[in-house]
Amino acid sequence: MFKQVTYSLNSREVAEATNSWLDKRGVSRTSIAQLVHFLQKDYYPELTLDECISHVEAVLQKREVQNAILTGIQLDLLAEEGKLMAPLQDMVRNDEGLYGCDEILALSIVNVYGSIGFTNFGYIDKLKPGILKKLNDKNDGQIHTFLDDIVGAIAAAAASRLAHRKQASREEAAQNVKE
């Protein structure tokens, strides 16, 4: 007879692994926050980098986000090691334009914070500012086919979260004035 073992994963360990892998791949909270600032500075001129960092941190605490990060980084690493089956190996290694699974994984992050994140993601994915430009550099020997989209999605989600919170604050302030 088989003894049933209950599966249990420690959430703290998942969060720590996520943070560790982002660090190992050269992605800091500040670099993501700079993307958030880039996306939102025209709407909120008083926006600080510290405020952006706090929204990035909130996004990174979500388990769905951690799952996407860990999955994407592992796929990038396997491609670096040449361990994916053909033709997937070549598609991931070369960030094939018609291969959209990297964007689909990233959209699972964007989806956590609503539709405004989709437009932010598309915009930042097209421009590739800041850390995204570095992650897209194909000359450093590393593969970031998944990670570049994931980082863009984290920034887009954090920007969406920020915009929603700012709107809620405005509404609350307007309500307080009426009372």
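Eleven salt bridges are counted in this predicted model. Side chains of opposite charge can pair when their charged atoms come close. The pairs described below include one between neighbouring positions, K41 with D42, and one that ties together parts of the chain lying 115 residues apart in sequence, K166 with E51.

- Because K166 lies in helix α9, which covers residues 145–178, while E51 lies in helix α3, which covers residues 49–60, the pair ties together parts that are 115 residues apart in sequence.
- K166 is buried, because its relative accessible area of 17% falls under the 20% limit, whereas E51, at 22% relative accessibility, counts as partly exposed.
- D95 and K138 form another salt bridge, in which the closest N and O atoms are 3.6 Å apart.
- This second pair also links distant parts of the chain, since D95 sits in the loop between α5 (88–93) and α6 (101–110) and K138 sits in the loop between α8 (131–135) and α9, 43 residues apart.
- D95 is buried, with a relative accessible area of 19%, while K138 counts as partly exposed at 47% relative accessibility.

**Other salt bridges**

- K41 forms a salt bridge with D42, and here the closest N and O atoms are 3.9 Å apart, which means that the pair falls within the 4 Å cut-off.
- K41 counts as partly exposed, with a relative accessibility of 34%, whereas D42 is exposed, with a relative accessible area of 63%.
- Three residues, D23, R29 and E57, are linked with one another in a network of salt bridges.

**The chain as a whole**

- The chain has nine helices and zero strands, and the C-alpha atoms fill a box of roughly 65 × 50 × 25 Å along the principal axes.
- Of the 179 residues in the chain, 41% count as buried.
- Among the contacts in the chain with a separation of 6 or more, 73% are between residues 24 or more positions apart.

**Surface and charge**

- The accessible surface of the chain comes to about 10300 Å², and carbon and sulfur atoms account for 54% of this area.

Notes:
Residues are numbered from 1 along each chain as its sequence is written. This is a predicted model: local features need pLDDT of at least 70, side-chain atom pairs count only at pLDDT 80 or more; totals for chains, interfaces and linings use all residues. Side-chain values use heavy atoms; hydrogens and water are left out. A salt bridge is a side-chain nitrogen of Lys or Arg within 4 Å of a carboxyl oxygen of Asp or Glu. Buried means under 20% relative accessible area, exposed over 50%, partly exposed in between (1.4 Å probe, protein chains only). Helices (H or I, at least four residues) and strands (E, at least two) are DSSP runs, numbered from the N terminus. Contact means heavy atoms within 4.5 Å. Accessible areas come from the Shrake-Rupley method with a 1.4 Å probe; for residues, only the protein chains shown count as cover.
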